[in-house]
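Visitor: I'm new to this one. Please show me around, and let me ask as we go.

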Amino acid sequence: MTENNFDVVIIGGGPGGYVAAIRAAQLGLKTALVEREHLGGICLNWGCIPTKALLRSAEVHHLVTHAEQFGISVGKVSFDLAKVVKRSRDVASQLSSGIKHLMKKNKVTVFDGHGKLAGKGKIVVEKDGKKLSDINSKNIILATGARARALPGLEADGKLVWTYKEAMTPDMMPKSLLVVGTGAIGIEFASFYKNLGADVTIVEVIDRILPVEDEEISKLAHKQFEKQGMKIHTSTNVKELKKGKDNVTVVLEKDGKTEEVTVDRVILAVGIVGNTENLGLENTKVKVEKTHVVIDKWCATGEPGVYAIGDLAGAPWLAHKASHEGVICVEKIAGVKDVHPLNTKNIPGCTYCMPQIASVGLTEKAAKDAGYKIKVGRFPFMGNGKAIALGEPEGLVKTIFDEKTGELLGAHMIGAEVTEMIQGYVVARSMEGTEADLMHTVFPHPTLSEMMHESALDAFGRVIHM
């Protein structure tokens, strides 16, 4: 057993934890990272990255099966599910190895084990029930992330009822499946399996899918998914899962009436809960609300010297939010000047389904509810030359401005490659840009990004190509 002294110790090696460790090391702080399972955390190993690899395979399959539209003749199209999954796992493995290299490069000491608080400024690291190390540090950052939420009576069993882990590493291709929950995770899995030929049903308890998105974008997505053949149930509860030998009968309830749907597999995607257990929080002033650690604008908890970042510290549940919080937290600890608190309204959200969805800032409803008098601009993909040339004419770019000041309040997009385009609006919001700034910006032609310009022009009655 070893004892070590550090300036900063981070518990959890996900996108919040490892980024915080790198930034701390850059600032000259003696830094340690404690990770019990795999560097890169859920995002890199079981979330953001491997799911995008799966979705890319589904996208390629979709394009090949529609090759005739582009004048290309292709024979019988098939896929090898095992190879699709292997590629996804290989991508995750490659990047996880990259994190190990970054830790070594930045001289971050990595402890392989479970870390928990053991008194003021103290952490104990354990592995397989055995104590490995005692660590001392003035500053401790909790970055333990979150896990899938389980609903009473609707628990996953890993065989017929899947969480994201089983959905990412299937041992068979279901002919039919039902997804419970229509946030980003649920919709991405629905899109993946649909594009590989499964009969997909999605269920949402509220009155629309993609509940955090602008209502207009949500409606367009609903229309596109139904056009693809998905069956969508909104304002619907899952009352029971009746498991058969190799299928599940799902009992749905809406407006007091029940309906049964039998599918090969069910995917649960109904939110997350913070990993607060066994962290030694019991005898501290760290406050936990609804499974998440309460923090201030500098990520500090109620316990002096203890901080929390990422999914553990609350919404939005996004890797890039966790990474940015890690940087803010460490820079504040190091006394860096000109550190700014995180403005969650400037954090973009992306859903990598088909069509893609991306947004930043206020929705139209939220802007109105906040008392703004607004101007709204819209530009359809159908009016864009690049979108038509790509064979992607379905989509919309929507922008919301403060009528009085011209401030860009929000931007919401659905269509091809919008997850890459949204950053233009994020930069505009971060720099407190106005409609004038966007109007005076020259966008390259022919690109999808021209629609971002046209949408801003449309909000103020100056649209050109519509």
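Visitor: N278 has 40% relative accessibility, which makes me curious: does it count as buried, exposed or partly exposed?
Guide: Keep in mind that this is a predicted model, where local features need pLDDT of at least 70, side-chain atom pairs count only at pLDDT 80 or more, and totals for chains, interfaces and linings use all residues. Residues are numbered from 1 along each chain as its sequence is written, and side-chain values use heavy atoms, leaving out hydrogens and water. Buried means under 20% relative accessible area, exposed over 50% and partly exposed in between, with a 1.4 Å probe and protein chains only. At 40%, then, N278 counts as partly exposed.

Visitor: What is the phi of N278?
Guide: Most residues other than glycine have a negative phi. N278, in the loop between β16 (272-274) and β17 (288-289), has a positive value without being glycine. Its phi is near 55 degrees.

Visitor: And which loop holds S235?
Guide: S235 also has a positive phi without being glycine, near 50 degrees. With 29% relative accessibility, S235 counts as partly exposed. You'll find S235 in the loop between β11 (231-233) and β12 (237-243).

Visitor: How many helices and strands are there?
Guide: Both are DSSP runs numbered from the N terminus: helices are H or I with at least four residues, strands are E with at least two. By that count, the protein chain has 13 helices and 24 strands.

Visitor: What is the radius of gyration of the protein chain?
Guide: It is taken over C-alpha atoms, and the globule rule is 2.2 Å times the number of residues to the power 0.38. For 466 residues the rule gives 23 Å, and the protein chain comes close to that, so it is as compact as a globular protein of that length. The radius of gyration is 24 Å.

Visitor: How much of the protein chain counts as buried?
Guide: The C-alpha atoms fill a box of roughly 65 × 60 × 50 Å along the principal axes. Of the 466 residues, the share that counts as buried is 51%.

Visitor: Which residues does W298 touch?
Guide: W298 sits in the loop between β18 (292-293) and β19 (306-308), and at 15% relative accessibility it counts as buried. Contact means heavy atoms within 4.5 Å. Not counting residues up to four places away in sequence, W298 touches Y307, I328, C329, K332, V339, H340 and P341.

Visitor: How many disulfides does the structure hold?
Guide: A disulfide is a pair of cysteine sulfur atoms within 2.5 Å. The sulfur of C299 has its closest cysteine sulfur in C329, 4.9 Å away, which is too far for a bond. C350 is in no disulfide either, as the nearest cysteine sulfur, in C353, is 11 Å away. The number of disulfides is zero.

Visitor: Is C299 buried or exposed?
Guide: The relative accessibility of C299 is 2%. That makes C299 buried.
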